[in-house]
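Good morning. Please have a look at it first.

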Amino acid sequence: MENNYILFFLVLQIVATEAYFSVSGGDGGINPQNPSLSSISQLNNAYLALQKWKSSITEDPSGILNTWVGSNVCSYKGVFCTDSQDELGDPTGPVIAGIDLNHANLKGILVKELSLLTDMSLLHLNSNRFTGTIPYSFKDLSSLTELDLSNNQFSGPFPTQVLFAPNLLYLDLRFNNFSGPVPQQIFNKQLDAIFLNNNQFDGKIPSNLGNSPASVINLANNKFSGEIPFSFGYMGPRLKEILFLNNQLTGCVPEGVGLWQDLQVLDLSFNSLFGHLPDSISCLTEVEVLNFGHNKLSGFLPDLVCSLKNLMNLTVSYNFFSGFSQECSKLYFRNAGFDFALNCIPGRDMQRPEPECSAVPGGGLNCLRIPAPQPLVCGVIDNP
């Protein structure tokens, strides 16, 4: 038994050594002169991980994995290598820096051995047919900055383990079958982009949503319920797009929404939000798309909203608004889209029948609003 183990170890060392001295002309394009022992070990781990993963893939209609033969892992299609360096900046040999198998139409699962690729900074697997859950060992991917698992058939709870990858900046889990609640850790992590849309996530959106420094957050097409967290209005200044559409959210649009003066897209459509829109929306001077359609919002749509200078599309259809200002009528002349169908606006076409407008949903809802005499941060609504 012991002799077999020693023989196996020697074979692995030979494979790894051959790989390091033979890498050239592949996707990585690296031909090191003096690979270190540590880099030999890293390539050995990469070979083991990729071969294990290959054996778990049951369908490969494009024949991509036909190139995954032999010890030269940097020549495998979809695998990209770079030359690693020691603390003095001297080259130590090639390592796998990324795997990009987008649109490969592969069917299979992810294996725990992929966590051996500790130098990998990006893993892009969108538009395949991978199933199952995400291995817990993914927490050990210490160099990973981008993880794209979108448009697959993954399932199970939110893969919290990926949030322990210390350098992760981009997380894309959209168009899968993940379910259950989303952990608070996701909004405490220094992520720039969070895509969770088109899954089966449910429960309340974590109350620390406002802690996120992300520039893009997409929570659309899930089953989130409850109110939009109060911290929603106190997110970082980098936020450019946030989408809540097609969930089961209730309550008011938070007053603090107006603090995001760099926001470009806000979509709250297809929920069950009540009450009036906050005047603080007038602070969204960079916003291009506002979508409040298919809710239960009411009140009068003021100039403060319709006069936003960069507004390209305003949708308030399928609500209970009772009117809009002259400035809203001018949106058409600015070539901006304005959809106000099926509200309760007298004298306008395509509105709700009168009986539906007699009892406005959420009429007794008390939304927390800043008193009119008190100016907002952007200093717009304090003028009489």
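How do the residues of the lining of the largest cavity divide into nonpolar, polar and charged? Before I answer, note that this is a predicted model, so nothing I quote comes from an experiment.

Now the answer. The lining has 7 nonpolar residues, 2 polar ones and 1 charged one.

Let me put that cavity in context. The structure holds 1 cavity of 30 Å³ or more, and the space in the largest cavity is about 80 Å³. It is lined by 10 residues, and those closest to its centre are Gln-42, Ala-46, Val-95, Ile-96 and Asp-119.

As for where the lining comes from, two elements each give two or more residues to it: helix H2, residues 37-56, and strand S2, residues 91-100. H2 supplies the largest share, with 3 residues.

Next, the chain as a whole. Its secondary structure comes to 6 helices and 22 strands. There are 384 residues in the chain, and 51% of them are buried.

Last, the surface. The chain exposes about 17600 Å², and 53% of that area is supplied by carbon and sulfur atoms.

To return to the opening question: the lining of the largest cavity counts 7 nonpolar residues against 2 polar and 1 charged, with H2 giving 3 residues to that lining. That is what I have for today.

Technical notes. Residues numbered from 1 in each chain as written. Predicted model: local features only at pLDDT ≥ 70, side-chain atom pairs only at ≥ 80, totals over all residues. Heavy atoms only, no water. 1 Å grid on protein atoms, 1.4 Å probe; cavity = no way out; pocket = protein on both sides within 12 Å on 5 of 7 lines; lining within 4 Å. Points joined across faces, edges and corners; volume = space filled by probe spheres on them. Helix = DSSP H or I, 4+ residues; strand = E, 2+ residues; numbered from the N terminus. Nonpolar A, V, L, I, M, F, W, Y, C, P; charged D, E, K, R; others polar. Buried < 20%, exposed > 50% of the residue type's maximum accessible area, 1.4 Å probe, protein only. Areas by Shrake-Rupley, 256 points an atom, 1.4 Å probe, with all protein chains shown as cover.
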